[in-house]
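Hello,

Here is the structure I promised to pass on to you. Please have a look at it, and then read on for what turned up.

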Amino acid sequence: MYPQGTTRRALVLGAGGVVGTAWMAGLAAGLPDSGIDLADSDVFVGTSAGAIIGALLATGERPERLAALPPTTGHPHVPDPAVLAEVFAVLSEPGQDAAVARRRVGQLARTTDVAGPYARIDSMRGLLGTTRFPERLRVTAVDADTGEPVVWDRDSDIPLPQAVAASTAFPGVSPPIPIGGRYYLDGGLRSATNADLATDADTLVVVEPLAHLFPPEQLRQELTATRATTVVTLRPDAAAITAFGTDPYDRAVWADAYRAGKRQSIDAAERLRHLGTGG
């Protein structure tokens, strides 16, 4: 259990690709051994890989089920390096409006990678084990046509597998996901964490699987939009980063990344024990 005494506790789970999913699963699986359970959070904000882990925790599923690489429906989608390079080139173009950049990426995704969304949804359905959207979860995504960010919760009347599939649909890795006549992409295109969506939390735990790849300024700015008086950030340590390798979508290092997260849970638990006192 988290320490008592806080009004609302939000858990923000960020984007992380395959390696970040495994690392977060190991982290969440190891914490209960030290008396801390991330599933006790009042609010979950899940982006991309974080949407997977947030959905599992919010629905009462145990992260241990991800100790081994989950099976996929059909053939695993192979990342397209050329598309990925083009996406990152667009997103990093200096001086460009963020919404315009997301819209350009959406256009690229719709024209280069439109096959296979239903297999992706089926894989998520099998992974999550339910279609019911839990009450405490918020899932982020981006409209592929407008570039506008969206946030889904239980009141959105969207099946959980579709929402999580959309939140993990990074162009060049996974196809855009159709929901309600529109197509959606990875919520990480708006932000790797989307921590500003946890505006109603007094205590905020932010898990950043790829913090070593992104500058910290955006998260700092997002935190100013929250009322949180206590913030703890959890990031991969040097050993975990080594286990990840250079490709965040490398399925071959899943077990190593999971073990790295579980090992790091011991240190994470020490930091989380002080939440109730503002430490």
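Searching the whole structure, which is a predicted model, turns up two aromatic pairs (rings of Phe, Tyr and Trp, the last by its six-membered ring, with centres within 6.5 Å; planes under 30 degrees apart are stacked, over 60 edge-to-face and the rest tilted). One of them joins Trp152 and Tyr184 in an edge-to-face arrangement, with 5.0 Å from centre to centre and 75° between the planes. Trp152 belongs to strand S4 (residues 149-152) and Tyr184 to strand S6 (residues 182-186), so this pair ties together parts that are 32 residues apart in sequence. Helices here are DSSP runs of H or I with at least four residues, strands are runs of E with at least two, and both are numbered from the N terminus. Trp152 is buried at a relative accessible area of 6%, and Tyr184 is buried too, at 9%. By buried I mean under 20% relative accessible area, with exposed being over 50% and partly exposed in between (1.4 Å probe, protein chains only).

A few words on how to read the numbers. Residues are numbered from 1 along each chain as its sequence is written, and side-chain values use heavy atoms, leaving out hydrogens and water. Since you will ask about confidence: local features need pLDDT of at least 70 and side-chain atom pairs count only at pLDDT 80 or more, while totals for chains, interfaces and linings use all residues.

Next, helix H2, which covers residues 49-58. How many of its ten residues are buried? Ten of the ten are, so to speak, under cover. Among them are Ile52, Ile53, Leu56 and Leu57, along with Gly50 and Gly54. These buried residues pack against strands S1 (9-13), S2 (43-46) and S3 (137-143), and against helices H1 (17-30), H5 (117-128) and H6 (160-167). Just after H2, Gly60 has a positive phi of about 85°.

Two residues other than glycine also have a positive phi. Ser48, with phi near 60°, sits in the loop between S2 and H2 and counts as buried at 7% relative accessibility. Asp157, whose phi is positive at about 60°, lies in the loop between S4 and H6; Asp157 is exposed, with a relative accessible area of 71%.

Thr193 is in the loop between S6 and strand S7 (203-207) and is buried at a relative accessible area of 5%. Which residues does Thr193 contact, leaving aside its neighbours within four places in sequence? They are Val12, Gly14, Val45, Thr47, Val206, Glu208, Leu219 and Glu222, where contact means heavy atoms within 4.5 Å. From Thr193 to Ala163 the C-alpha to C-alpha separation is 16 Å, and the two are 30 residues apart in sequence.

Finally, the protein as a whole. It has nine helices and eight strands. Its radius of gyration is 17 Å, close to the 19 Å that the globule rule gives for 279 residues, so it is as compact as a globular protein of that length (taken over C-alpha atoms; the rule is 2.2 Å times the number of residues to the power 0.38). The C-alpha trace spans about 50 × 35 × 35 Å along its principal axes. Of the 279 residues, 53% are buried. Among contacts between residues at least 6 apart in sequence, 79% join residues at least 24 apart.

Happy reading, and best wishes
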